[in-house]
Amino acid sequence: MASMRIVVWVVEGTWQGCIDAAVEHFPADSRFTLLHVTPSDVTEAADAAAAGLFGRGFPGRKPDRRYDDVADDEASKLLAAAAVRLGHPDVDLVSRRGRVEREVIRAVADGVDVLVVARDGDHSRLGPKSLGHATRFVVDHAPCAVMLVWPDETPGIESIPPPKHGPPPLPPRPHHHRD
Amino acid sequence: MPGPVAETLAVVLLVATLGCAIVRPRGLPEAVVAVPAAGLLLVLGILPLGQAGTEARSLGPTIGFLAAVLVLANLCDHHGLFQAAGSWMAAGSRGRPVSLLALVFAAASLVTAVLSLDATVVLLTPVVFATVARLRLRAKPHVYACTHLANSASLLLPVSNLTNLLAFGASGLSFARFGATMALPWVAAIGVEWLVLRRFFAGDLVGRGDTHEVTPLPVPVFATVVVALTLAGFFVTSAFNVSPAFAALAGAVVLAVPAVASRRVSVRDVALSADVPFLAFVLALGLIVEATSLHGLGSVVAHLVPGGSGLGSLLVIAVVAAVLANVINNLPAALLLLPAVGGAGAGPVLAVLIGVNTGPNLTYVGSLATLLWRRVLMRHGQELPISEFLRLGALTVPPVLVTATVALWISLRLVG
């Protein structure tokens, strides 16, 4: 059997969980790609705020590095750290910039077996919101299998909320019929 | 010249001035169109010389004040204040994204209040961006916090926003009274921003930052002390009826001397940071708006805003100001509205500021057709990825406007 092609989507704050899941679940002869996407809306928001000042911007100041360049640099370092954590000889590092969800789909459009994705942050309210906008889009549109991992601890099933309509859960009843 | 013709010409010149200020063809300063446009209005008699003189005399001290604050903020950067702030935020957060966001809120609110929104946008935001990236956390909540607070947290002091400086003269308030009255609205606006952003970005405030490379830089004691003394100087000078611009100027000189002596900055850099072409632009823009106001637009605007300073009036004024700021950008909006409410006391003037300062978060960069649709998508030739920005604006601006205005109404009764 040909080796599997695995893409791990590396996102700040949750990447460690994805890498660990990839190490744990896929055979050692898999071909790994670590993918990072810099969201263009963040650099754009920062650039645009400066443009909104009507072009004033401390002209005597030495021009600093552009937001995009800083982001590219840090993305390379993050991917390198992720590769070290993966500890696999056969790994490609891919850094992209743009609309995150679309860039991720583009990166897995061709011949990828599994995309490894982490859930997003807010674990106080599990449910649809534990997938952010970009992650939701990727899960919905990825043309391959998606492995969805918890970035930190996996919650127990007691985290499932009681039914919204109906009486409070106590005292427990075996069946709940509508009148 | 008949009124309608004069008005039309003045409005055309205003639009051309603002358009060129945004597009800045060949990177020329905004003043290149604004100053000749103002000159033309004077030559044609559309703006009488006497009127222009009065306007210039009232704008002059404001412009001097702005120049001094810009120089001061720039020198703080040369003294390493912003870099140090970045390292403290990184270390203080211990890599926790919510703690980091709280520290970014504190830094952006303070920098905006004391050194103006320009300092937050140009000097602090790049530091925050680099800090978050180095911690390997998601940048979005923190960068959006900076861009939002540059506007919402610019309510506190006359120096926080150019619009405040313009209103400061009109309000008849002392520096201390201005700050005392706006303290509650300032806190209210920041509080609402925190509640909304914390929830809106809950999914992105995730993980634990990598603090291995983080070492808090030493406090640039000299710069910090000078800024604190300058801030105190604003209140003291104003109490003695001296323009607080002199305090800003003194602070800038004291910071400049060692920086120039140790060759960290050249005299030319210091002079450039006063941004003289921009100051000329503000003066010319003030004259052009005065001309449009004189020939009809002023009375139209005066009809838009109610008299009185009851809660209802203040809310209407703030909303009108916010809408106008989004249509024509906040600087011209303030120039148009302030004369219309100037006679009605401090309350309406400060309500205008709540509108023109916090309103621009609604439509991305304070609009003017969204800064000419971001210079006709100059950079990428593609759609702008701003849907999230617009959603966040729609969620924050209405509650910020209402809460800050109610806070102002309360404040006027307590301090007033």
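These legends describe close-up views of a predicted model. Residues are numbered from 1 along each chain as its sequence is written, while chains are lettered from A and ligands numbered from 1 in the order in which they are written. In this predicted model, local features need pLDDT of at least 70 and side-chain atom pairs count only at pLDDT 80 or more, whereas totals for chains, interfaces and linings use all residues.

**View 1. The elements of chain A.** Chain A has five helices and five strands, where helices (H or I, at least four residues) and strands (E, at least two) are DSSP runs numbered from the N terminus. Read from the N terminus, the elements of chain A follow the order β-α-β-α-α-β-α-β-α-β. Of the 179 residues of chain A, 37% count as buried, a residue being buried if 20 or more other C-beta atoms lie within 10 Å of its own, exposed if 12 or fewer, and partly exposed in between, with C-beta atoms placed from the backbone.

**View 2. The open sheet of chain A.** Five strands of chain A form an open sheet with parallel pairing, in the order S3-S2-S1-S4-S5; two strands pair if DSSP finds at least two bridges between them. Strand S3 (91-98) and strand S5 (145-149) of chain A stand at the edges with a single partner strand each, so one side of each is left without a neighbour in the sheet. From one strand to the next, the twist averages 25°. Strand S2 (residues 31-39) of chain A is joined to S3(A) by eight bridges, and A:Leu35 stands opposite A:Val94 in S3(A).

**View 3. A:Ile105 in helix H4 of chain A.** A:Ile105 lies in helix H4 of chain A, and it counts as partly exposed because it has 18 C-beta neighbours inside 10 Å. Apart from neighbours within four places in sequence, A:Ile105 is in contact with A:Val138, A:His141 and A:Ala142, contact meaning that the C-beta atoms of two residues, placed from the backbone, lie within 7 Å.

**View 4. Helices H7 and H9 of chain B.** Helix H7 (residues 140-152) of chain B packs with helix H9 (residues 175-200) of chain B at an angle of about 155°, their axes being 11 Å apart; axes are lines fitted to C-alpha atoms, for helices over the stretch in contact, and angles run from 0 to 180 degrees between N-to-C directions. That makes H7(B) roughly antiparallel to H9(B), a term for angles over 145 degrees. Among the residues that meet are B:Tyr144 and B:Leu149 in H7(B), and B:Ile190 and B:Leu197 in H9(B).

Definitions and conventions. Angles under 35 degrees count as roughly parallel, over 145 as roughly antiparallel, 65 to 115 as roughly perpendicular and the rest as oblique.
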